[in-house]
Amino acid sequence: MRRYSVRDGTLYATAFYLAPPKQVHRLHSMISTVPGERHERRGPRMTEHNFASAVKKIQDALGPDCPEARGVRAVTSPVLGAELTEDDIVALLDAGPQEQQTLFALADKVRKRFMGNAVHLRGIIEFSNYCVRDCLYCGLRRDNRKLARYRMSIDEILKVAAKAAAAGYRTIVLQSGDDFHYRADDIARMVERIKRTAAVAVTLSVGERSRKEYAVMRQAGADRFLLKHETADPDLYRRLHPGMTLDGRLECLAHLRDLGFQVGSGNIVGLPGQTVRTIAKDVVLLRALDVEMAGIGPFIPHPDTPLASCPPGDLAMSLKALAVARLALPLAHLPATTALATLHPDARRMGLSCGANVIMPNVTPLEFRRLYEIYPGSIALRAPEDGGIAEIRTMLSSLGRPVSDTCGHSPKPEWARATRVAHTSAH
Ligand code: SAH
């Protein structure tokens, strides 16, 4: 059992892992009131002083002579961002153009110190665009009848995974819509066969399943699971995900945690109905979940969804959310997401300079890639079959950032060695 102290800000996460599903709701309401509630009653004070004091908390925690990237990761101090209240996070997210530079530089320093300079490439295979869900923002939603649907066969998936491993990827991400055509057993067999033939870590991102199904996937050797919480506002969650709830999502995340996956979550920036405080709550939730990875990217409207006419997420706010997540989660892997890169031609570089240390190039065969249209105009459509490794290497070398040659497991002490399959029950 992992141990937490109150000080490291993950007490609530512990409670999550231990709680039976029915209590998750109550725990969620704790999350949304702690910390920062005391300040909130007096009303938020969005002054320069607030920004400065939030920055000072991190600077003080880093110490005056912060040793930066000496080749050894400083795997200590998850307390770094624990002192930030929800109000502090709002103040950081409200940073103007000048303050923003201070925030980005600080996030870059924290990234360098805790995660080093190397960038991890995760090759993503989008193996099915069928989906039983009807998420209002997503082009794969069930009710989008305009989209031609595809499923890759297990053999096709294995071939693509082998090619990606040969191209140098050390993590393969298998993502799909919530498609129950693939039973947990099918996914488990894919994972086993990929891991038998290539020295890669496998991340699954196949949506909401039962604990039993997740257990089968974990037993097969899946290392990580990515399930974004999307938004920490339960009402907004309900409106955007017909028939689904934030509590249900959190319950899945609790199961994944308990089964020994390295857990990835994350949120969308710029959803209609969202405020800066909602995004602050997203960061507080990610910290409470103590995630090993967080994908934070802007909303991009899809023309064949009910949100077609909504404006896209803001680039600066997306970068600020990423930077604040780095301060709150010094040891998390944070990608410069594809959605961010789709918003602005230079956004990958910007993301890598304000907290990100991961890129997820798309290695899906081109014939399918164009059909995995969660939003239109993805930069993935302009990348070659191998995801564009050469171009990425050039961009990274201009930033002085090497490509990692490891699988890039979480640097937290509990993941330092290879990931054993947890002997946890499926019930
Ligand atoms: N079925 C899986 C994978 C979903 S697609 C699951 O539920 O986890 C992967 C991610 O794409 C989602 O988690 C969501 O955050 C993001 N996404 C979907 N539509 C989007 C849009 N219009 N703009 C930005 N991100 C979007």
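Reader: Fine. What should I know about the model and the numbering?

Author: It is a predicted model: local features need pLDDT of at least 70, side-chain atom pairs count only at pLDDT 80 or more, and totals for chains, interfaces and linings use all residues. Residues are numbered from 1 along each chain as its sequence is written.

Reader: How many helices and strands in the protein?

Author: There are 17 helices and seven strands. These are DSSP runs, numbered from the N terminus: H or I of at least four residues for helices, E of at least two for strands.

Reader: And what share of the residues is buried?

Author: Of the 427 residues, 49% are buried. Buried means 20 or more other C-beta atoms within 10 Å of the residue's own; exposed means 12 or fewer, and partly exposed is in between, with C-beta atoms placed from the backbone.

Reader: What about contacts in the protein between residues 24 or more positions apart?

Author: They account for 80% of the contacts with a separation of 6 or more. A contact here is two C-beta atoms, placed from the backbone, within 7 Å.

Reader: On to the sheet. In what order do the strands come?

Author: The order is β6-β5-β4-β3-β2-β1-β7, in an open sheet with parallel pairing. The edges are β6 (293–298) and β7 (358–359), each pairing on one side only. Two strands pair if DSSP finds at least two bridges between them.

Reader: How many bridges join β1 to β2?

Author: Six, between β1 (residues 120–128) and β2 (residues 171–176). One of the residues to look at is E126, whose bridge partner in β2 is Q175.

Reader: And β2 to β3, how many there?

Author: Five bridges, again with the strands running parallel. The chain gets from β2 to β3 through helix α8 (residues 184–197), in a right-handed β-α-β crossover. Right-handed means that, with the strands pointing away from the viewer, the path from the first strand over the helix to the second runs clockwise. In the pairing itself, T171 stands opposite A201 in β3.

Reader: Is β3 mostly covered or exposed?

Author: Mostly covered. Four of the five residues in β3 (residues 201–205) are buried.

Reader: Which helix lies across β5 and β6?

Author: Helix α13 (residues 315–328) lies across β5 (262–269) and β6, running at about 165° to β6. Axes are lines fitted to C-alpha atoms, for helices over the stretch in contact, and angles run from 0 to 180 degrees between N-to-C directions.

Reader: Why does D290 count as buried?

Author: Because 24 other C-beta atoms lie within 10 Å of D290. For E230 the count is 22, so E230 is buried.

Reader: Now V119. Where is it?

Author: V119 is in the loop between α6 (97–115) and β1. V119 counts as buried because it has 23 C-beta neighbours inside 10 Å. Leaving aside neighbours within four places in sequence, V119 contacts several residues, including L352, V358 and R401. V119 and G408 are 289 residues apart in sequence, yet 8.9 Å apart C-alpha to C-alpha.

Reader: Last one: E213, buried or partly exposed?

Author: Partly exposed, because E213 has 19 other C-beta atoms within 10 Å. E213 is in helix α9.
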